[in-house]
Amino acid sequence: MKHYLIAAAVFGLTACGGSDSSPETPTIPPAPAPELTVSLCYAVDTTMGVFTLGIDNTNMPITAANFSRYVDNKFYDGTLFHRIANNFVNQGGGFTTGLNAKTTFDPIKNESSVGLKNDRGTIAMARTQISDSATSQFFINIHDNDNLNYPSQGGYAVFGKVVEGMEVVDIMNAVKTASVQKNGVTFTDVPVEEIVINSITEADCPG
């Protein structure tokens with residue numbers, strides 16, 4: 001696209017001496033966002049209830065495979081939803097009781113540019129300010145969080161959605177939280193009563 005725009009500018013300069021109108025650079029509409037496609041489902045059993053996630057292996061192969069790898073290794077069993085930001089997100093998958101961090105696999109490529117949106121009920125990868133830094137932590141969007149979509153902030157990669165039990169996710173988002181100090185780090189929006197992921201297991205997709 002960059003070379004095309006330069007070429008159009010040169011053409012405009014050479015044409016303006018003998019033409020009543022200058023050529024216009026054509027507007028190329030953005031590609032439509034892909035539809036989230038559920039190809040695999042997991043039941044998430046927590047101390048606040050059970051909900052089911054539908055995972056998109058079609059549009060998000062790297063991110064979906066990464067999540068499945070952690071599930072298959074039972075990594076998430078006993079981890080917490082350690083961050084409950086009211087009316088924003090429920091985040092978990094990286095710490096055990098007492099906010100003790102688990103050792104993860106290597107970070108993955110950020111696939112947010114695929115274009116799946118951080119809409120209500122979708123699941124996306126949490127990461128640091130470095131784009132390609134996601135490992136095990138994920139979050140569920142409580143509302144349409146357009147500010148998390150690509151290209152804003154590099155985007156946060158959506159790879160599935162809650163297909164059953166969103167009421168459990170909503171109840172979870174309303175719990176009382178506090179700030180907690182751990183090893184010199186301040187954790188915000190930490191549930192006062194721990195929310196534990198008992199297990200994540202493969203399940204039949206609804207419908």
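This section describes the backbone, core, cavity and pockets of a predicted model.

Backbone geometry is considered first. The peptide bond from Tyr 150 to Pro 151 is cis, with omega near 5°. Most peptide bonds are trans. Pro 151 sits in the loop that runs between strand 8 (138-141) and strand 9 (158-164). Gln 153 lies in the loop between strand 8 and strand 9 as well. Its phi is near 60°, a positive value in a residue other than glycine. Most residues other than glycine have a negative phi. Gln 153 counts as partly exposed, because its relative accessibility is 49%. A positive phi, near 60°, is also found at Asp 189. Asp 189 belongs to strand 11, which spans residues 185-191. With a relative accessible area of 25%, Asp 189 is partly exposed.

The nonpolar interior comes next. In soluble globular proteins, nonpolar side chains tend to be buried together. The largest nonpolar core of the model has 41 residues. Those with the most contacts inside this core are Phe 51, Leu 53, Ile 55, Phe 67, Tyr 76, Phe 81 and Ile 200. Phe 51 illustrates the packing. Leaving aside neighbours within four places in sequence, Phe 51 is in contact with Tyr 42, Ala 43, Val 44 and Thr 46, among others. Further along the chain, its contacts include Phe 81, Ile 140, Val 162, Glu 164 and Gly 165. Val 168, Val 169 and Met 172 are also in contact with Phe 51. A second, separate core has 5 residues, among them Leu 80, Leu 99, Phe 187 and Val 190.

The structure holds 1 cavity of 30 Å³ or more. About 60 Å³ of space lies in the largest cavity. Its lining includes Ile 108, Lys 109, Asn 110 and Glu 111. Thr 63, Met 125, Arg 127, Ser 131 and Ala 134 also line the cavity, as do Gly 155, Tyr 156 and Ala 157. By class, the lining has 5 nonpolar, 4 polar and 3 charged residues.

Glu 111, one of the residues lining the cavity, was examined in more detail. Glu 111 lies in the loop between strand 6 (100-101) and strand 7 (122-125). Its relative accessibility is 8%, so Glu 111 counts as buried, the cut-off being under 20%. Not counting residues up to four places away in sequence, Glu 111 touches Asn 59, Met 60, Pro 61, Ile 62, Thr 63 and Ala 157. Glu 111 and Ile 62 are 49 residues apart in sequence, yet 7.5 Å apart in space, C-alpha to C-alpha. The side chain of Glu 111 makes a polar contact of 2.6 Å with the side chain of Thr 63. Thr 63 also lines the largest cavity.

Pockets complete the description. The largest pocket contains about 300 Å³ of space. It is lined by 15 residues. Gln 91, Ala 126, Arg 127, Thr 128 and Tyr 156 lie nearest its centre. Arg 127 and Tyr 156 are also found in the lining of the largest cavity. About 170 Å³ of space lies in the second largest pocket. Of the 14 residues lining the second largest pocket, Leu 36, Leu 116, Lys 117, Asp 119 and Thr 122 are the closest to its centre. This second lining comprises 6 nonpolar, 3 polar and 5 charged residues.

Terms used
Residues are numbered from 1 along each chain as its sequence is written. This is a predicted model: local features need pLDDT of at least 70, side-chain atom pairs count only at pLDDT 80 or more; totals for chains, interfaces and linings use all residues. Side-chain values use heavy atoms; hydrogens and water are left out. Helices (H or I, at least four residues) and strands (E, at least two) are DSSP runs, numbered from the N terminus. Buried means under 20% relative accessible area, exposed over 50%, partly exposed in between (1.4 Å probe, protein chains only). On a 1 Å grid over the protein atoms alone, a cavity is a set of points where a 1.4 Å probe fits but cannot get out, and a pocket is an open set with protein on both sides within 12 Å along at least five of seven lines; lining residues have an atom within 4 Å of a point. Grid points are joined across faces, edges and corners, and a volume is the space filled by probe spheres set on the points. Ala, Val, Leu, Ile, Met, Phe, Trp, Tyr, Cys and Pro count as nonpolar, Asp, Glu, Lys and Arg as charged, and the others, Gly among them, as polar. A nonpolar core is a set of buried Ala, Val, Leu, Ile, Met, Phe, Trp, Tyr and Cys residues joined through side-chain atoms within 4.5 Å. Contact means heavy atoms within 4.5 Å. A polar contact is a pair of N or O atoms within 3.5 Å; within protein, one must be able to donate a hydrogen and the other to accept it, and residues adjacent in sequence count only if both atoms are side-chain atoms.
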